[in-house]
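Here's a quick briefing to read alongside the coordinates. Take a look at the model first, then dig into the notes below.

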Amino acid sequence: MAGKENPDFVIDAFVIRVGVLALAAFLLFSVLVIRLWQMQVIRSSEYEYKDRKQSARRIRIPAMRGEIFGRDGTAIVRNRPSFNVLFHPGEMVTERSRDQAKYIMDKADQVAAVLGRYNPLTLENVRRHLNYQPGLPLTAFKDLSDEERGRLDELFPPIRGLEVTAEPMREYPFGSLAAQLIGYVGNEDPADADDRREYFYYLPSLEGRSGLEYQYNDKLSGKAGSEFVMVNSNGFVHEQLEEPTPPENGYDLRLTLDIDGQIAAERALRGNLGAIVVLSAESGAVRVMASSPTFPPGDFVPSISRMRYRELAEDPGNPFLNRAVQGSYMPGSTIKPLTALAGLENGIPETKTYDCEGITPHGYGGGIHCTGIHRELDMRHAIMKSCNVYFVELGVEVGIDALSRMFASAGIGSKTGIEIAERAGYLPKDGSKWNENETAYVSIGQGKVEVTPLQAAVFYAAIANGGTMYKPYLIDHIYDHDRISGARLSVFDAVPLKTGKLAASAKSLDVVREGMYMVVHDSAGSGRRGNIKSAELYAKTGTANVGTGRNATKNTWFNGFVKHPRTGELLSFAAVIEHGESGGSTTAPIVAEMFTEWFSRD
């Protein structure tokens, strides 16, 4: 019939289409099977390696920081165990607790109630820890006392995932002793660490922020160790991939510091703004370096609050300032022994006299006044009475060039080279605007001349020992520890270093020393209040005027040398007190108090 389709043709076309679709489906399925076979069988080891690599974590383990000792081996800074409460998040997951952070907070509240403390954790920082460091334990409570540990041991039922561990914490057996010298520490910022990229989890070390802790940070820090671990999909450690690398503890420092002397100096300085330095005049070893006011470095352990740090930083006494090396002061009359040496070395005999009528015409505003009317004085008696007129006339006669040469040989204007940050003082020099009035002031330690207490102690050591200038030093030995026996091994032993000679003969030094003896031991000596029974002090007083008008103050000095009554060691010293009355009335008694206590403590 015309116009009708052949039924056999329709069936054949349908069968063909079904067959084509079935073939296409078969081919597609075959491709998928082959691809899965390749991925799961042929390349399975490659994917497994990549997966393991993405799940491997290297964790940094900080080393124990080295300790710091006095010259007799007594610890000034040591490490003690701090017992902390940790939560291991991987062990603190329960079926009933959908919110793990809240579960941990509940357990922290429970522990806080047992300890009698407040809970330092917040929901926010717990969640942050779970998001970014789930494989690491979360520290909840630090530095448990023995009593608190006992309470925690009785906790029942025990909390799954809770652990009490010990970590080293910096401890200061003598409190604030030598705080500016030793310095303080804080946790390093991982973002600033050179090896930060080597680790997935970076547990920071303590780092020095000031003083010797800062200057010797590389020695004290040691070498960090590491662990290489596998974590699961939640970030929790479940396998050690290699043997852990243990950390190498830091070196110990043994200082030249005499602890008895340091204690006596800080006690004598208490309540004042000032500093005392005592050196071995035979080597340059620092026996005392005290600065007041001071601060307790223990406030920085384990960390200091912002409020407490601000309180210290804004203290008008500036307790962070080490006045012994960073305080640069006009030396006042303590410069006069150098002025005397400049005169002697430039042809002025010690027997020459100058007439003191209480004022000299040199200087601005009508001249420079003296401490009294002394009449005719020779050099020894001028040193004894600290006569301004005598030394102004002497200084003007020899001139600024001679004075500058003598001062430079004494180290004024140059850093001493000690191991901590210091200032260089100021050396006066002739120039286009220089005149005799400037020379007059410099001759008596006023005007354009400045020294640090450390510099003063260095050149007074040279006056004491016959003219040898030594580099002052604080580090006597540096020790490592044998990894097996634990025995202490010295890796550095200090050797005294001569840096030059004071530009003065032995005869000239004898004259100056005789005058310095009279300062303390003559009834008319300006430093007679510095006299002590246990030893003979040789010294020079000094008073430097600072500022003018209502802002005028005085920095008062007492510098010299003494032999230790028991050991026989020759010690030089320099002491300055800000806002004092005079060197003889303010500073000399403080130095006498220090030596009296120190020598009796020995």
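Where is the place of threonine 452? Threonine 452 sits in the loop between α16 and α17; helices here are DSSP runs of H or I with at least four residues, strands are E runs of at least two, and both are numbered from the N terminus. Bear in mind that this is a predicted model, where local features need pLDDT of at least 70 and side-chain atom pairs count only at pLDDT 80 or more, while totals for chains, interfaces and linings use all residues. Residues are numbered from 1 along each chain as its sequence is written, and side-chain values use heavy atoms, with hydrogens and water left out.

- Threonine 452 counts as buried because its relative accessibility is 0% (buried is under 20% relative accessible area, exposed is over 50%, partly exposed is in between, with a 1.4 Å probe and protein chains only).
- Leaving out neighbours within four places in sequence, threonine 452 is in contact (heavy atoms within 4.5 Å) with Ala324, Val325, Gly327, Ser328, Arg423 and Trp557.
- Threonine 452 and valine 576 are 124 residues apart in sequence, yet their C-alpha atoms are 9.3 Å apart.
- Alanine 275 belongs to strand β12, residues 274-280, and is buried too, at 0% relative accessibility.
- With neighbours within four places set aside, the contacts of alanine 275 include Arg323, Ala324, Pro453 and Val576.
- From alanine 275 to leucine 454 it's 179 residues along the sequence but 9.4 Å in space, C-alpha to C-alpha.

**Helix α16**

- Helix α16 (residues 436-443) is mostly covered, with six of its eight residues buried.
- Those buried residues are Glu438, Thr439, Ala440, Tyr441, Val442 and Ser443, and what covers them includes α12 (336-345), β16 (368-369), α14 (388-398) and α15 (400-409).
- At the start of α16, asparagine 435 puts a side-chain oxygen within 2.9 Å of the backbone nitrogen of asparagine 437.
- Just after α16, glycine 445 has a positive phi of about 80 degrees.

**The cavity**

- On a 1 Å grid over the protein atoms alone, a cavity is a set of points where a 1.4 Å probe fits but cannot get out, and lining residues have an atom within 4 Å of a point.
- There is one cavity of 30 Å³ or more, and the largest cavity has a volume of about 50 Å³; points are joined across faces, edges and corners, and the volume is the space filled by probe spheres set on them.
- The elements giving two or more residues to the lining are β12, α17 (453-465) and β18 (468-470).
- Leu279, Val458, Met469 and Lys471 are among the lining residues.

**Cysteines**

- The structure holds zero disulfides (a disulfide is a pair of cysteine sulfur atoms within 2.5 Å).
- Cysteine 356 is buried at 1% relative accessibility, and cysteine 387 is buried at 0%.

**Threonine 556**

- Threonine 556 lies in strand β23 (residues 553-563) and is buried, with a relative accessible area of 0%.
- Beyond its neighbours within four places in sequence, threonine 556 is in contact with residues including Gly542, Ala575, Val576 and Thr587.

Terms used. Polar contact = N/O pair within 3.5 Å; in protein donor to acceptor, adjacent residues only side chain to side chain. 1 Å grid on protein atoms, 1.4 Å probe; cavity = no way out; pocket = protein on both sides within 12 Å on 5 of 7 lines; lining within 4 Å.
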